[in-house]
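Dear colleague,

I am handing over the structure we spoke about, and I would be glad if you could look through it slowly before reading my notes.

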Amino acid sequence: MAYESPDFFALDELLTEEERMVRDSVRDWVEERVLPDISDHYLAGTFPMELIAEMAELGLLGAGIDGYDCPGLGPVAYGLILQELERGDSGIRSFVSVQGSLVMWPIHAFGSEEQKQRWLPAMHRGEAIGCFGLTEPDHGSDPGGMETKAKKTDNGYVLNGAKMWITNGSMSDVALVWAKLDGRVHGFLVEKGTPGFTQQQMKHKYSLRASDTSELILQDVEVPADAIFPGVSGLKGPLNCLTQARSGIAWGAAGAAMACYDEARRYVAERVQFGRPLAGRQLVQAKLAEMLSEITKMQLMNLRLGRLKEAGKMTPQQVSMAKRNACWHALQIARTCRDMLGANGITGEYQVMRHMCNLESVITYEGTHDIHTLILGHKITGVEAFR
Amino acid sequence: MDIIVCMKRVPDSAAKITVAGDAKSIEQDGVDHVISPYDEIAVEKALQLKEAHGGTVTVVCLGVAAATKEIRQALAMGADQAVHLKDAGGNRGPLEIAQALAGVIKGRACDLLLFGKQSIDADNGAVGVMVARLLDLPVVSLVAQLDVADGRATVHRQSEVGTEVIEVTLPAAFTVQRGLAEPRYPKIKGIMQAKKKPLEEIDAPAPAGTMALDKLEPPAAREGGRIVGEGKDAVGELVRLLSQEAKVLS
């Protein structure tokens, strides 16, 4: 049975024909290419490398970048791509978010002309993969406390430090490493194979299993003078990247919620207990009504966020609200759906438990739920509660 | 090489089809439409031939105003231009459809004319060969393999009795089937270019009214299965039912 995407408030009518076509093309691709094997990859703890070339062929990598052979797609269409990818798996969406929003976007925004020419077309074609090294073992929510350091040398810079929880970290050809140079944060492009640079996959995850999560270790890593981002210094560099990526996560989380909801809705229609389908029970209907309401709210918020971004009016706080809200409710929905599927809900025959486990990461990375709460609290009251 | 592909907008095969209140049409609410799958294969094959040999791909669609969506889909896949024969409604039999299509194809540059072997809604399997006849083109139906070289096409025509290998001089028409090509997913760049590609809109001739749809009925609901027994003991009864009732054994 084909997936029926919930669209209770007929938001389809608010999309352009182009946006709908992009979404439908990615939706079909996810249905035919991601869903059949993703459960096996998840259990094996492997990223489906074979899909990278296909995603590149479709044009999904850095689709929002304008120029350098990239399509320059609008934010709503880009958001819809991420929604559909995460309908498949959060790991697939994370791969695309990191490549596009956390590596290609900053190269485009802060990089030198040479860096853009060298990396953007190749990354769009999927011939080069990137990762974003901000978080460290001891500095997650507080990136300003980072310990990774850069020192100027005669030929360039030397980097020392460690980065952790880095999506695409091991497979990456280039890592965007944020490090302090004379006490100020700067971005450096570090290439695979540079002496002293180790990329090591993290094992034993219960979440995002179909995703490459790695540690980056930098031990006296020498990079040339042109490896630094000329266009930005200070924490606003990485934070601007995160604003880009977080808006995409809001769309992605909605996609995961939609997948769970659709699966649970079908399941209760078929599952007969005490002589009739579960769908006819009040407790079940209450859950469905609640979930559809929350999904609809996420969709409305995401669409508006995309339109604001299109108009150049989106604020980081709006992004925080959308990311926080979507991840929270998506996780609640995944848990509820897992419950509705009973024992079947814990198996790989269904998607709900995989999404549920993934969403534990999605609600944590790129600003935890609590951090986004404090960003909103700061915006509302004018008083910072972080420190 | 200039290729023209005729394509039809049809309800998605995954859609739940119900008969509308007038008992003459299907309920359109909530029904997605797509390019008829065999036509989509024809579009894909045309694009592959263009990529290998150069030339142009034009899609022609006789359909309601909303068929623009499916036409854009073909343009997003990579077709260069499209002709939309706008249908204001009314019934048309296969011959009338063929006449309308032949009318707009006549006079256009065309080395290969491709059709799906049949649409998945009307299932007549007639339009392609009729258009070829009206345009005086040689035609091969049920094509599962198609290669072009030196102004000739070598095709495999696959039917229940086997495969015929046929050589045809171009220009020629072909109706295609599954196995010929695997339709691609429209790429982002293709989708973005689609809206800038030429789409010619022409009003379709009014239907002659020689054919009317009288009544549409859903197929009868299937009867439930029957368990005639278990294990070895059931064999005798099963054989009796298969030969006497279902008449599939003799």
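What follows is an account of what was found, taken chain by chain.

Please keep in mind that this is a predicted model, in which local features need pLDDT of at least 70 and side-chain atom pairs count only at pLDDT 80 or more, while totals for chains, interfaces and linings use all residues. Residues are numbered from 1 along each chain as its sequence is written, chains are lettered from A and ligands numbered from 1 in the order in which they are written, and side-chain values use heavy atoms, with hydrogens and water left out.

Let me begin with chain B, whose secondary structure comes to six helices and 11 strands; here helices (H or I, at least four residues) and strands (E, at least two) are DSSP runs, numbered from the N terminus. Along the principal axes, the C-alpha atoms of chain B fill a box of roughly 65 × 45 × 40 Å. Of its 250 residues, 41% count as buried, where buried means under 20% relative accessible area, exposed over 50%, and partly exposed in between (1.4 Å probe, protein chains only). Among the contacts in chain B with a separation of 6 or more, 71% come from residues 24 or more positions apart, contact meaning heavy atoms within 4.5 Å.

Within chain B, helix α3 (residues 94–105) and helix α4 (residues 127–134) have axes that come within 8 Å and cross at roughly 50°. That angle makes α3(B) oblique to α4(B), since angles under 35 degrees count as roughly parallel, over 145 as roughly antiparallel, 65 to 115 as roughly perpendicular and the rest as oblique. The axes are lines fitted to C-alpha atoms, for helices over the stretch in contact, and the angles run from 0 to 180 degrees between N-to-C directions. The residues in the contact of α3(B) with α4(B) divide into 11 nonpolar, one polar and no charged; Ala, Val, Leu, Ile, Met, Phe, Trp, Tyr, Cys and Pro count as nonpolar, Asp, Glu, Lys and Arg as charged, and the others, Gly among them, as polar. The residues that meet include B:L95 and B:L101 in α3(B), and B:M130 and B:L134 in α4(B).

Turning to chain A, helix α8 (residues 316–340) and helix α9 (residues 352–362) pack at an angle of about 150°, with their axes 9 Å apart, and α8(A) and α9(A) are therefore roughly antiparallel to each other. By class, their contact has 10 nonpolar, one polar and four charged residues. Among the residues that meet are A:K323 and A:R335 in α8(A), and A:M356 and A:E360 in α9(A).

Helix α5 (residues 113–124) of chain A has 12 residues and reaches 16 Å from its first C-alpha to its last, close to the 16 Å expected at 1.5 Å a residue. The expected span is 1.5 Å times one less than the number of residues. The buried residues of α5(A) include A:W119 and A:L120, and just after α5(A), A:G126 takes a positive phi of about 75°.

A:S25 lies in helix α1 (residues 17–44) and counts as buried at 4% relative accessibility. Leaving aside neighbours within four places in sequence, A:S25 is in contact with A:L58, B:Y185, B:P186 and B:I191. A:E19 also lies in helix α1 and is buried, with a relative accessible area of 6%. Setting aside neighbours within four places in sequence, the contacts of A:E19 include A:L14, A:R307 and A:E310.
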